[in-house]
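Subject: Handover of a structure and summary of findings

Dear colleague,

Please find below the structure that I am handing over to you. I would be grateful if you could read the notes that follow it with the structure open beside them.

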Amino acid sequence: MNGRLDLSGYPPPPVLWLTAVIDTVCMPFQCSQWRDSLGIDERSWLAAKVPPLLEHLPTYPSFQDYLKQQNPSWLASSSSSSFYYHYYHYFGQQQQHLQPSIEDSHGMDDSTPSSLWTSMYKYAFETPSTALGDLTTPTAVLVLLCLVLILRLLKSILLPLFSSYGRWMGRRTHGVEWEAANEDRIAKFGEYVFRLLYHSSISVFGVYYFWDKEWWAATPNATMSLYQGFPNHPVVPGMAWYYLLQAAYNVDAMVSLLLISFVVTIKSPVVRHNSKARGHSSSSQFQLPVQIRWSPTVRGDFREMMIHHVITNLLVVGSSLCRLTRIGSMVFLVHDLSDVPVDLSKLANFLKWKWTTLACFLSMVALWVVTRLYILPFTIYRSILTQSHYVVQDGLPILLYVQYRHFFYVLVGLLIVLHFCWFVMFMQIFGTFLKKNECHDLSEHKQGEKQDGNQDEATTTEGKAENAQEDAPPAVDAALVSPKKRVPDEISEEKKDN
C-alpha cells in the first residue's frame, strides 16, 4: 500500500458512530434489521454496518485457557466453576503418585506445570499475548485492581516518611516558623518524592526495554513498524506488565488528585432551627446530606490536570483494547522522561531553594520541548495521522479504521494542546523570575506564592470561612461549598507577595 488511503467512497465517521449506536441499542430488542424495516437503500451511508471490533482482533488466552492448551487431556471438558477443583485434583494425584526425584525432574515435560504457582509464573512472565495484554479482560482488570491497591498501600507507608524528611529539611533551612506555616506544602513534598521515584524508575526501565525496538530507530520510516503487521503484534510479558503498571499509576494519580482537591462532608439531611420568639415553634429545613467543597490543597491547574488524567486513562484502555500498545508505549515514555525534572523542580520550590529550583526548571523546560513538544507531535502524532492507514493492509476492515481512528486523533491532539498550555505557564513562571527574582509555581498557585515561607492571607481567610461554615444556616453553607461561587483566591493556596 502506497500513499494515502482513499476513503471518498465510505461514510463519514459521524454516520458510522450513529449507526453503531443504533445497532447496539437494537441488539437486545431483536430489531437488528432496522435498515430493512426503514427501507434504507443499500447505497446509502446508513446502510453501512461496521463489523464488531473484537472479531477482527486476535484473542488473548486467559489463565484457564492457557492451562487447557498445556494439558488438554484433563481440562478439555472442565467448566469455569469446576476449574480449580480439576486443577488441584489432577496435580494432587501427580504429587502423591509420581513424586519425581531431583534427577528425574530435569527430564519432566515443561508444558506440564508442577504447581499452580509455577504455571501462574509462566503465564504471567514467560508467555506472550495473554489476557494480561488487554486491559479490558477480566484477568487484566483483576491484576490492575491489585496493583492499584498495592500502590495505595505503598503510598500510605512511604508518604509520611517522605513528608517527615521534607519537614526536617524545611525546618533546617527555614526554621520552625516555616514548618508551622507550611503543613500543606510538607504533605505535597511527600507526594512528589514518591512521583519522582516512580517516574525515575519507570523511565530507566522504559529506555532500557525499548532501546532496540524498531519503532524507536533513528530512521525516517521507523514508525511504520507501529502499523505493519497489525493487529498481530505480539504483546510480550514485558510490554504487558509495563502497560499494567502504567495504567495502575494513572488510575492512582487521578484518585490522588481528587482526594487533595475536594473535602466531602456528611451532614444530617434535616436541620432544626429553634426560634427564641415567644409563640413560634421550631422549624425544620432540608439540606443535601453530602456536601463537597474545595480543599486548601487543591492544585492551581486542577482543571488541566483532571482533563489530562481522563484523556490519559482513555488512551491507555483504548490502545490496549485495539492492540496499539506500541504507540501507547511511546506516549508513556515521552511523558515519563519529562516528568522527572518536573518533580525535581516542585521539590526544590517547595523548600524554596531558589537556584536549585531554577536549574531544575530550565532542564524541565528543555526536556519538555524535546519530548512533549517535538517527539510527541512531530513524530508520534504525525505517524498516527499519516501512516495509521497501514493497519488495513493485513485484512482489517476499512470501516473499522474509519470509525475508530478519530478517537485517537482527538485524544492525542488534546494532550498536545494541554502540553502547549503548560509550556505557556512555564514561560510565565520564567518571566516572573526575571522580573522579581522569585520562583512562583503557577501550577500549584495560580495567583503566585509568598517567598518568606509564611502562610498567606488567602489560606487564613479560607480557614476562617471553613470555621464559620459549621454554624452557618443552610443557605450560607451552600454558598460556601459551591465551587462556582468561590472567590479567585480560594483556588490557590497562596497569593502574591507584593
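The notes below go from the whole chain to its core, a cavity and a few individual residues.

This is a predicted model, in which local features need pLDDT of at least 70 and side-chain atom pairs count only at pLDDT 80 or more, while totals for chains, interfaces and linings use all residues. Residues are numbered from 1 along each chain as its sequence is written, and side-chain values use heavy atoms, with hydrogens and water left out.

The whole chain

The protein chain contains 17 helices and 4 strands; these are DSSP runs numbered from the N terminus, with helices (H or I) of at least four residues and strands (E) of at least two. Of its 498 residues, 46% are buried, where buried means under 20% relative accessible area, exposed over 50%, and partly exposed in between (1.4 Å probe, protein chains only). Among contacts (heavy atoms within 4.5 Å) between residues at least 6 apart in sequence, 77% join residues at least 24 apart.

The nonpolar core

A nonpolar core is a set of buried Ala, Val, Leu, Ile, Met, Phe, Trp, Tyr and Cys residues joined through side-chain atoms within 4.5 Å. The largest such core holds 101 residues, and those with the most contacts inside it are Leu 244, Ile 380, Ile 384 and Phe 426. Helix H15 (residues 398–436) gives the most to this core, namely 15 residues. Not counting residues up to four places away in sequence, Phe 426 touches Phe 361, Met 364, Val 365 and Trp 368.

A cavity and its lining

A search of the whole structure finds 2 cavities of 30 Å³ or more. A cavity is a set of points, on a 1 Å grid over the protein atoms alone, where a 1.4 Å probe fits but cannot get out; lining residues have an atom within 4 Å of a point. Grid points are joined across faces, edges and corners, and a volume is the space filled by probe spheres set on the points.

Pro 231 is joined to Phe 230 by a cis peptide bond, with omega at about 5 degrees, and is placed in the loop between helix H10 (183–210) and helix H11 (237–261). Arg 323 has a positive phi of about 65 degrees although it is not a glycine. Arg 323 sits in the loop between H12 and helix H13 (325–350) and is buried, with a relative accessible area of 7%.

Other residues

Ser 129 also has a positive phi, near 55 degrees. This serine lies in the loop between helix H7 (116–125) and helix H8 (138–174), and counts as buried at 17% relative accessibility. In general, most residues other than glycine have a negative phi, and most peptide bonds are trans.

Two threonines are buried within helices. Thr 19, in helix H1 (residues 13–26), has a relative accessible area of 1%. Leaving aside neighbours within four places in sequence, Thr 19 is in contact with Trp 34, Arg 35, Leu 46 and Ala 48. Thr 312, in helix H12 (residues 302–321), is buried at 11%; with the corresponding neighbours left aside, Thr 312 contacts Asn 250 and Leu 415.

Yours sincerely

Technical notes. 1 Å grid on protein atoms, 1.4 Å probe; cavity = no way out; pocket = protein on both sides within 12 Å on 5 of 7 lines; lining within 4 Å.
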